[in-house]
Amino acid sequence: MKLFDVYPRFDVPLVRGKDVHVWDAAGRRYLDCYGGHAVISIGHAHPRFVRRIGEQLEQLPFYSNAFPNGLQEEYAARLEAICGYPDHRIFFCNSGAEANENALKLASFHTGRRSVLAFTGAFHGRTSGAIAVTDNPAIAAPYNAGHEVVFVRLNDFEALEAAFASHDFAAAIIEGIQGVAGIREVEAEFMRRLRSLASAHGALLILDEVQSGFGRSGWFFAHQEFGIDADIVTMAKGMGNGFPVAGVLIAPSIAASHGMLGTTFGGGQLACAAALSVVEVLDAESLQASAAEVGAALMAELASIDGVSQVRGRGLMIGFDAAVPAAALRAALIRDHAILTGGGGGPATVRLLPPLTFTRAHAAELAAAIAAALHTMNTQGATE
Ligand SMILES: Cc1ncc(COP(=O)(O)O)c(C=O)c1O
């Protein structure tokens, strides 16, 4: 049997990870500035993550949601302590797309409306409902599954007002910081205006924190920087540090009939054990504050490199444009410096999404490697 074609792949089979490093089958060590696509929050194979999962594996790896699972309540209490949202309820599921599907479904059920407002550059997943609110021609296509979707240009106030004036939206869905678009920030005033328009028009505000959540931006959820609350928050990636677990935080006012949301695997014992280890370590090691500090230092270093422009982002969710094709720069970083980075958002864009245990020393190593790789590529280009 062959594999279904999913992503283009670098030819580096990874077999081991520890903290901010991964190793390939030949034993070469790489600095992981990609975090398996923003997934590794507390570091590869963190001892508490390994211990929690190991103990749960021996105890009871899984049982159905038809029976109580004390770990879910324990997690809800830990999460509330670290992110707020005391009155919201949590629904556990398995992936970012699934979290967004459930959020959109709740919004339609609650409001009795079908229209959804989404934003240019948005990425919310690849399943039917999630792809319908995704604005990326490389992955989206008219596979819409029942929502009428209106796209408004990100940070365009006039278009935002006009959209609300002409539609009865069930919801607006927006990322705390756009990730797949190449790290695009929402202006604070735009986010606040969106919040107030949604409230005034009876639409729910869904904050997709799948990529930007769990301390990555230096805030627990990126939208918390703007002093607003969401009606629904979706989360995944960093929540499980590599174990598939996702969640939907749902405001108490949102109507939902019993059994409207459901899942076989969501919130299983192993998933809860993994997710618990993440919030425990984020707290114990102050990783959110560290992400803010190390990220700011890294952004300053990047901005001073010749051939790097448009450095953007928050905390350890950083994008920049390179003066050379990003694919070539990323390949050079792997080949010559043993450093993994991410792409996306355009041919010049490099994305940096390292584990939140990334230190200033790692940031300096990365910045020096980028400067050296760009220098080599420029001199080679000039002599060719
Ligand atoms: C903001 C955002 N939402 C949703 C998703 C989809 O998550 P998943 O791949 O777990 O379905 C992603 C994945 O990159 C994402 O970045």
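Q: Which residues come nearest to the ligand?
A: S95, G96, A97, V210 and Q211, out of 14 residues around the ligand. Near means a C-beta atom, placed from the backbone, within 6 Å. This is a predicted model: local features need pLDDT of at least 70, side-chain atom pairs count only at pLDDT 80 or more, and totals for chains, interfaces and linings use all residues. Numbering runs from 1 along each chain as its sequence is written.

Q: Which helix gives the most to that shell?
A: Helix α4, residues 96–111, with 3 residues. Helices are DSSP runs of H or I, at least four residues, numbered from the N terminus.

Q: How does the shell divide by class?
A: Into 5 nonpolar, 7 polar and 2 charged. Ala, Val, Leu, Ile, Met, Phe, Trp, Tyr, Cys and Pro count as nonpolar, Asp, Glu, Lys and Arg as charged, the others, Gly among them, as polar.

Q: New topic. At what angle do α3 and α8 cross?
A: Roughly 25°, with the axes of α3 (70–83) and α8 (269–284) within 10 Å. That makes α3 roughly parallel to α8, a term for angles under 35 degrees.

Q: Which residues meet there?
A: From α3, Y75, L79 and I82 are among them; α8 gives residues including C272, L276 and V279. Contact means C-beta atoms, placed from the backbone, within 7 Å. By class, this contact has 10 nonpolar, 2 polar and 4 charged residues.

Q: And what are the domains?
A: Domain 1 is 47–284 and domain 2 is 286–383, with bounds from an automatic or database assignment. Their C-alpha centres lie 28 Å apart.

How values were computed
Helices (H or I, at least four residues) and strands (E, at least two) are DSSP runs, numbered from the N terminus. Axes are lines fitted to C-alpha atoms, for helices over the stretch in contact, and angles run from 0 to 180 degrees between N-to-C directions. Angles under 35 degrees count as roughly parallel, over 145 as roughly antiparallel, 65 to 115 as roughly perpendicular and the rest as oblique. Two residues are in contact if their C-beta atoms, placed from the backbone, lie within 7 Å.
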